[in-house]
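Look at the structure first.

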Amino acid sequence: MAARDHLDDTSKRIIEQLQENGRRSYAEIGKAVGLSEAAVRQRVQRLTDSGIMQVVAVTDPMRLGFHRQALVGLRVSGDSRAVAAELEQISAVDYLVLTAGSFDILIEVVCASDQDLADLLNARIRTIPGVISSETFVYLEVRKQSFDWGTP
């Protein structure tokens, strides 16, 4: 199944079941979507093998001691992909996109403290060749984070 392939309603319903509860058994999913446990297992395997879906554990950074999250917009010179390759190596970076508009790259970072964020920005990010400037948006409160899109 290629990423450009159309998902049938049954595959979408399987994804919805896993978005609600990633630990739901294949037997439970099968009952909800009208397939056998084996058929659900095969479909989930195809969806994951194709890259359409991942089943992962989502953690709350605050509860794990990471009390500072921020979105950082970067303006770069030259090939933004070279800067992105450097940023990908930083473990505090959990989200990275190349963009068009005011910023060339947006990253989300997760740090233990404000001091760790300052160190990350000054010693790691702003020192990467090609980074011209950065603007940091500190998260005060995460009000919504959703993982249930893509299957209506």
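This is a predicted model: local features need pLDDT of at least 70, side-chain atom pairs count only at pLDDT 80 or more; totals for chains, interfaces and linings use all residues.

Residues are numbered from 1 along each chain as its sequence is written, and side-chain values use heavy atoms, with hydrogens and water left out.

Q: Which residues does UniProt list for "domain: HTH asnC-type", and how far apart are the end C-alpha atoms?
A: The unreviewed UniProt entry gives residues 7-67 for this domain. UniProt positions follow the numbering used here, feature names are shortened, and annotations may be inferred rather than shown by experiment. Helices (H or I, at least four residues) and strands (E, at least two) are DSSP runs, numbered from the N terminus. Over residues 7-67 the chain is 54% helix and 0% strand, and the end C-alpha atoms are separated by 39 Å.

Q: Which residues of H2 are buried, and what arc do they cover?
A: Buried means under 20% relative accessible area, exposed over 50%, and partly exposed in between (1.4 Å probe, protein chains only). In H2, Ile-29, Gly-30 and Val-33 are buried. Taking the arc from the directions between the helix axis and the C-beta atoms, these residues sit on the same side of H2, within an arc of only 105°.

Q: What covers the buried residues of H2?
A: Contact means heavy atoms within 4.5 Å. The cover includes H1 and helix H3 (37-49).

Q: Which residue just after H2 takes a positive phi?
A: The phi is about 80°. The residue is Gly-34.

Q: Where does Arg-24 lie, is it buried or exposed, and which residues is it in contact with beyond its neighbours within four places in sequence?
A: Arg-24 is in the loop between helix H1 (9-20) and helix H2 (26-33). Its relative accessible area is 18%, so Arg-24 is buried. Leaving aside neighbours within four places in sequence, the contacts of Arg-24 are Gln-17, Leu-18 and Ile-29.

Q: How many salt bridges are there, and which residue forms one with Arg-24?
A: A salt bridge is a side-chain nitrogen of Lys or Arg within 4 Å of a carboxyl oxygen of Asp or Glu. By this rule the count is six.

Q: Which parts does the salt bridge of Asp-8 and Arg-43 tie together, and how far apart are they in sequence?
A: The closest N and O atoms of Asp-8 and Arg-43 are 2.9 Å apart. Asp-8 is partly exposed at 31% relative accessibility, whereas Arg-43 is buried at 17%. Asp-8 is in the segment before H1 and Arg-43 is in helix H3, so the bridge ties together parts 35 residues apart in sequence.

Q: Why is the pair of Phe-103 and Phe-137 edge-to-face?
A: Rings of Phe, Tyr and Trp (its six-membered ring) pair if their centres lie within 6.5 Å; planes under 30 degrees apart count as stacked, over 60 as edge-to-face and the rest as tilted. A search of the whole structure finds one aromatic pair. The centres of Phe-103 and Phe-137 are 6.4 Å apart and the planes are at 90°, so the pair is edge-to-face.

Q: Which residues of helix H4 are buried, and what covers them?
A: In H4 (residues 80-87), Ser-80, Val-83, Ala-84 and Leu-87 are buried. Their arc is only 100°, which puts them on the same side of H4. Their cover includes strand S1 (68-76), S2, S3, helix H5 (114-125) and S4.

Q: Which residues does H5 carry on the face turned away from its buried side?
A: Leu-117, Leu-120, Leu-121 and Ile-125 are buried in H5. They fall within an arc of 90°, so they line one face of the helix. The face turned away carries the exposed residues Gln-115 and Ala-123.
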